[in-house]
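Please keep the sequence and the structure in view while reading.

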Amino acid sequence: MPLLSRLRRLFSPSAGPSGLAEIARSTTVLETCPIRPVSAPRASALSHPERNPFRDWESMPVTVRQYALRDVVLDQSLMTLLHAGYPVTETAYVQDPEAVRNLKLRPADLIRCAPFKGITASCVDHWASNFYHWVAHTVPTLHVLSQAGRPVRLVLPEHMHPWQFETLELFGLSGDAHIRLQQGRQYAFKTLDYITFVNGSADFAVSDLSRAAYARLRQAAGAAMKPTGRRLYIERGSSANRHVPNEAELAEGLGKLGFERVHPETLSLSEQIRLFSDAGMVMGMLGAGMANIAWCQPGTLVYELVPSHHINPCFAAMATQGGLKYWADVFETGAVQENHTDDAAIPLPVGEILDRVRELVALLPNA
């Protein structure tokens with residue numbers, strides 16, 4: 001198609017918005033994720049099972065697809081695709097619906113991407129710097145793309161953490177061809193692949209592809225084949241969100257029960273993978289650091305503290321996916337509104353939590 005015709009198509013709105021399936025030149029079903037019940041330890045051995053909001057939880061049935069798209073524009077600020085002048089709402093991961101509805105093509109901000117002999121693929125959402133989002137959305141996407149048998153050009157954020165570059169190295173996807181998104185710009189692609197891990201649709205599913213991606217990184221990072229049973233507590237410390245006023249008291253009590261206080265953000269990706277693959281039990285509060293349970297080996301016991309203002313089953317799903325034993329307890333925070341950022345106004349019930357930890361530890365092999 002001549003350049004002028006392509007430009008007219010790009011900036012001429014169609015009769016209305018379209019979905020990924022409608023605008024794809026081809027669609028590949030990568031996997032169908034079944035319903036699975038949460039893999040819990042023996043609830044009969046635990047007091048107050050009603051504190052666990054996920055004790056009867058089941059994963060979502062989801063189909064993961066790879067779409068080969070044509071003539072799309074990626075808006076960097078919302079990390080949402082547009083086609084024929086309209087936003088493709090399936091790609092607007094947890095965005096304000098009004099902001100998505102008002103999203104328009106901005107010719108002054110447009111960068112037209114050169115053709116590429118291989119696959120060009122979007123692989124991040126708008127929270128690309130968050131470790132959970134990278135592990136849950138980007139890592140399985142990279143796993144799929146790295147096995148395509150063709151050169152891969154990734155669409156990546158402008159600013160990346162060392163652990164993100166390390167991920168690319170472990171998958172063999174380092175290179176100079178990748179596109180680094182600039183703040184506020186829009187990017188026009190003649191062809192672009194989009195895998196639905198990126199839009200979060202598999203966050204509450206049990207995905208064989210995700211499990212294979214994590215196992216592959218364990219091997220690439222040189223993790224031991226058999227864990228030694230270390231007990232790890234992921235300390236939130238200076239994390240930006242969801243502070244609790246007396247976490248140090250809890251951490252001190254856990255130390256007396258044999259737990260190591262871990263700050264994953266101080267470690268390289270390979271160090272995190274090796275550490276968590278060596279664990280027999282992992283404990284932590286809902287937060288990005290808990291994404292490290294992806295590296296745990298089957299049978300590891302995970303205990304999550306879930307804030308009352310953000311009851312999210314994403315780690316119940318990740319644990320079930322990995323064949324881990326998972327238990328959660330809600331703790332009251334005093335926060336009024338459901339959100340993922342507010343600090344807790346109420347101290348943790350440290351005594352009750354330590355009692356629960358003792359019950360769970362008693363269920364460990366060779367306890």
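## A loop and its surroundings

Gly287 is found in the loop between β12 and β13, in what is a predicted model. With a relative accessible area of 5%, Gly287 counts as buried, because the cut-off for that class is under 20%. Gly287 and Leu305 stand 18 residues apart in sequence, and their C-alpha atoms are 9.7 Å apart in space.

The loop between β12 and β13 (301-307) also holds Asn292. Is Asn292 buried or exposed? Asn292 is buried, with a relative accessible area of 0%.

In soluble globular proteins, nonpolar side chains tend to be buried together. In this model the largest nonpolar core has 84 residues, and the members that touch the most others are Ile293, Trp295 and Phe315. Helix α4 (residues 131-146) supplies the largest share of this core, with 9 residues.

Another core, of 23 residues, lies apart from the largest one, and Leu250, Leu348, Leu354 and Val357 are among its residues.

## Charged pairs

Side chains of opposite charge can pair when their charged atoms come close. How many salt bridges does the structure hold? The structure holds 11 salt bridges, and the table lists some of them.

| Side chains in the salt bridge | N to O distance |
|---|---|
| Asp71 and Lys190 | 3.3 Å |
| Arg230 and Glu260 | 2.8 Å |
| Arg230 and Asp278 | 3.8 Å |

In the salt bridge between Asp71 and Lys190, distant parts of the chain are linked, since Asp71 belongs to strand β2 (residues 62-75) and Lys190 to strand β9 (residues 186-195), 119 residues apart. Asp71 is buried, with a relative accessible area of 12%, whereas Lys190 is partly exposed, with a relative accessible area of 30%.

Arg230 takes part in a salt bridge with Glu260, and this pair links distant parts of the chain, with Arg230 in strand β10 (residues 230-234) and Glu260 in strand β11 (residues 259-262), 30 residues apart. Arg230 is partly exposed, at a relative accessible area of 31%, and Glu260 is also partly exposed, at a relative accessible area of 29%.

Arg230 also meets Asp278 in a salt bridge, and here the link runs from strand β10 to the loop between α8 (269-277) and β12 (279-285), the two residues being 48 apart. Asp278 is buried, with a relative accessible area of 12%. Elsewhere, salt bridges that share partners join Asp75, Arg106 and Asp109 into one network.

## The protein as a whole

The protein contains 10 helices and 14 strands. The radius of gyration is 22 Å, close to the 21 Å that the globule rule gives for 367 residues, so the protein is as compact as a globular protein of that length. Along the principal axes, the C-alpha trace spans about 70 × 45 × 35 Å.

Of the 367 residues in the protein, 53% are buried. What share of the contacts between residues at least 6 apart in sequence joins residues at least 24 apart? That share is 78%, and the salt bridge between Asp71 and Lys190 gives one example of a link between distant parts of the chain.

Terms used:
Residues are numbered from 1 along each chain as its sequence is written. This is a predicted model: local features need pLDDT of at least 70, side-chain atom pairs count only at pLDDT 80 or more; totals for chains, interfaces and linings use all residues. Side-chain values use heavy atoms; hydrogens and water are left out. A salt bridge is a side-chain nitrogen of Lys or Arg within 4 Å of a carboxyl oxygen of Asp or Glu. Helices (H or I, at least four residues) and strands (E, at least two) are DSSP runs, numbered from the N terminus. Buried means under 20% relative accessible area, exposed over 50%, partly exposed in between (1.4 Å probe, protein chains only). A nonpolar core is a set of buried Ala, Val, Leu, Ile, Met, Phe, Trp, Tyr and Cys residues joined through side-chain atoms within 4.5 Å. The radius of gyration is taken over C-alpha atoms; the globule rule is 2.2 Å times the number of residues to the power 0.38. Contact means heavy atoms within 4.5 Å.
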